[in-house]
Amino acid sequence: MIRCNLTILGATGTIGINTLDVVAMHPERYTVVALTGQNQVERLATQCRQFKPRYAVVTDTARAQELRHLLADTETEVLCGERALEEVASLPEVDTVMAAIVGAAGLKPALAAARAGKRILLANKETLVMAGRFFMQAVRRGGATLLPIDSEHNAVFQCMPEPYSGDFATHGVRRILLTASGGPFRTRPIETLATVTPDEAVAHPNWVMGRKISVDSATMMNKGLEVIEAHWLFNARADQIEVVIHPQSIVHSMVEYMDGSVLAQLSNPDMRTPIAHALAYPDRIEAGVPWLDLPRLGQLSFETPDTRRFPCLALAYRALETGGAAPTVLNAANEVAVQAFLDRRIPYPAIAQTLERCLDRLGDRPAEELDALVALDQESRAYTAALIAQHA
Ligand code: NAD
Ligand code: MG
């Protein structure tokens, strides 16, 4: 057994909390060196009391003061700002970084971990969607190891041959089959989608997640982002990645081989399984997840997604096929549009409509420099915000 020194970026979020839950079950294996959060200072303080990290990071000064006050009698040092996120992701004493910040804010700290050659447990799929080429390059050059946390990609990772060379043909792999639950609106009459509320959209049937990713699951943009994520993680072309709706969320994804075999990873829908897999890899540890009771489940079903119901899925394929900076544009526009929907500034169908207009306008830009991508991310946000303002 190898002891592991851990930084958790986004410790106060759903993935962060689940990670600490697994860590707490195996105190002999894991030492927490740093925890980070954005707004939930009290939760972060409670986590710091329990796990006694050397550092805690928040992004804004006022919150940092609050946290210092709450942790005055502890040994945890409170750091502040975006640079501090990069620092705790690349500390020499840290070997493993859980990258679980939501959105584009997770990119720079994940890149810092990659350049520092860490073992990266990647939950922040936006890093790959926004800047897949640069991130994968940083992983290779930095000698980092990448283990996917997203349940589908973790499943694919488990079903791929080891070591996976990045070449489908070498291993006789034909396709990756990504499963999707279909979210809360899988069977709702399409003509009623115009009146969907944020609360309905975040009420996911199988998973408890942050609000942004819950809306992404309802629109299936989450699956679209995951198609792009799978492209980068497994070096798969768009036509080698198929999305299959599987409402029970028990089969987390599959790999199809040339001989007709399909390997699948099954488990109860609980993120602690992929988290524990990646934390302990190549060992296996308990995750606190109930054992799968297949006879009790009775049935597993599969269907093809309807892109009229889920136009965001088609937009993500379009962005992947266009290549260049199109996925960056799409991801940034999606973050802004989803927030506008959550704030009740646009109706649900306007999310996809806005994204399409944004891709039409900015989707053909090249992606030659990371700085240019970051600038384009901003431009896409601004353009989306302007489109949304027209709705007001
Ligand atoms: P969440 O909203 O619950 O948590 C996000 C975390 O990031 C929090 O700790 C928050 O404080 C921090 N954060 C947010 N904005 C920040 C900023 N600007 N700067 C610094 N920190 C910031 O989200 P989540 O559901 O835990 O998801 C985290 C990531 O994991 C996302 O990229 C998501 O797509 C991915 N993911 C989540 C799940 C899931 O089941 N929740 C599954 C697969 C992948
Ligand atoms: Mg997923």
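Author: One term is needed at the start: a residue is called buried when its relative accessible area is under 20%, and exposed when that area is over 50%. The model in view is a predicted one.

Reader: With that cut-off in hand, is Ala34 buried or exposed, and which residues does Ala34 touch?

Author: Ala34 is found in strand β2, and because its relative accessible area is 0%, Ala34 is buried. Leu91 is 57 residues away from Ala34 in sequence, yet the two C-alpha atoms are 9.4 Å apart in space. Leaving out residues up to four places away in sequence, those that Ala34 touches are Leu6, Thr7, Ile8, Pro53, Tyr55 and Val88.

Reader: Which residues of helix α4 are buried, and what covers the buried residues of α4?

Author: Helix α4 spans residues 82–89, and its buried residues are Ala84, Leu85, Glu86, Val88 and Ala89. Val88 is also one of the residues touched by Ala34, which lies in strand β2. The cover over the buried residues of α4 includes the strands β1 (4–9), β2 (30–36), β3 (55–58), β4 (77–80) and β5 (96–99), together with helix α5 (107–115).

Reader: What share of the residues is buried, and what share of the accessible surface belongs to carbon and sulfur atoms?

Author: Buried residues make up 57% of the 392 residues in the protein chain. The accessible surface comes to about 16,900 Å², and the share of it that belongs to carbon and sulfur atoms is 50%.

Reader: Which residues coordinate the magnesium ion (ligand 2), and how many residues apart in sequence are the parts that Asp150 and Glu226 tie together?

Author: The magnesium ion (ligand 2) is coordinated by Asp150 (OD), Glu152 (OE) and Glu226 (OE), at 2.1 to 2.2 Å, and the spacing of these donor residues in sequence is D-x1-E-x73-E. Asp150 lies in the loop between β7 (145–148) and α7 (151–159), whereas Glu226 lies in helix α11 (residues 221–234), so this pair ties together parts that are 76 residues apart in sequence. Both Asp150 and Glu226 are buried.

Reader: Where is Ile149 found, and which residues is Ile149 in contact with?

Author: Ile149 is found in the loop between β7 and α7, and because its relative accessibility is 0%, Ile149 counts as buried. Met271 is 122 residues away from Ile149 in sequence, but their C-alpha atoms are 8.0 Å apart in space. Setting aside neighbours within four places in sequence, the contacts of Ile149 are Ile15, Met98, Leu121, Leu122, Ala123, Asn154, Met271, Pro274, Ile275 and Ala278.

Reader: Is Asn18 buried or exposed, and which residues does Asn18 touch?

Author: Asn18 lies in helix α1 (residues 14–25), and because its relative accessibility is 18%, Asn18 counts as buried. Not counting residues up to four places away in sequence, Asn18 touches Asp270, Met271, Arg272 and Ile275.

Reader: Which residues does the cis peptide bond with omega about 5 degrees join, and where does Pro163 lie?

Author: The cis peptide bond with omega about 5 degrees joins Tyr281 and Pro282, and Pro282 lies in the loop between α12 (272–280) and α13 (294–297). The peptide bond from Glu162 to Pro163 is cis as well, with omega near -5 degrees. As for Pro163, its place is the loop between α7 and α8 (168–171).

Reader: What is phi of Lys52, and what is phi of Arg344?

Author: Lys52 lies in the loop between α2 (41–51) and β3, and at 62% relative accessibility Lys52 counts as exposed. Arg344 is in the loop between α15 (326–342) and α16 (349–362), and Arg344 is exposed, with a relative accessible area of 58%. Phi is positive in each of these residues other than glycine, being near 50 degrees for Lys52 and near 60 degrees for Arg344.

Terms used. Residues are numbered from 1 along each chain as its sequence is written. Chains are lettered from A and ligands numbered from 1 in the order in which they are written. This is a predicted model: local features need pLDDT of at least 70, side-chain atom pairs count only at pLDDT 80 or more; totals for chains, interfaces and linings use all residues. Side-chain values use heavy atoms; hydrogens and water are left out. Helices (H or I, at least four residues) and strands (E, at least two) are DSSP runs, numbered from the N terminus. Buried means under 20% relative accessible area, exposed over 50%, partly exposed in between (1.4 Å probe, protein chains only). Contact means heavy atoms within 4.5 Å. Accessible areas come from the Shrake-Rupley method with a 1.4 Å probe; for residues, only the protein chains shown count as cover. Donors are N, O and S atoms within 2.8 Å of the metal (3.2 Å for Na, K and Ca); water is not among the atoms, so sites may look incomplete.
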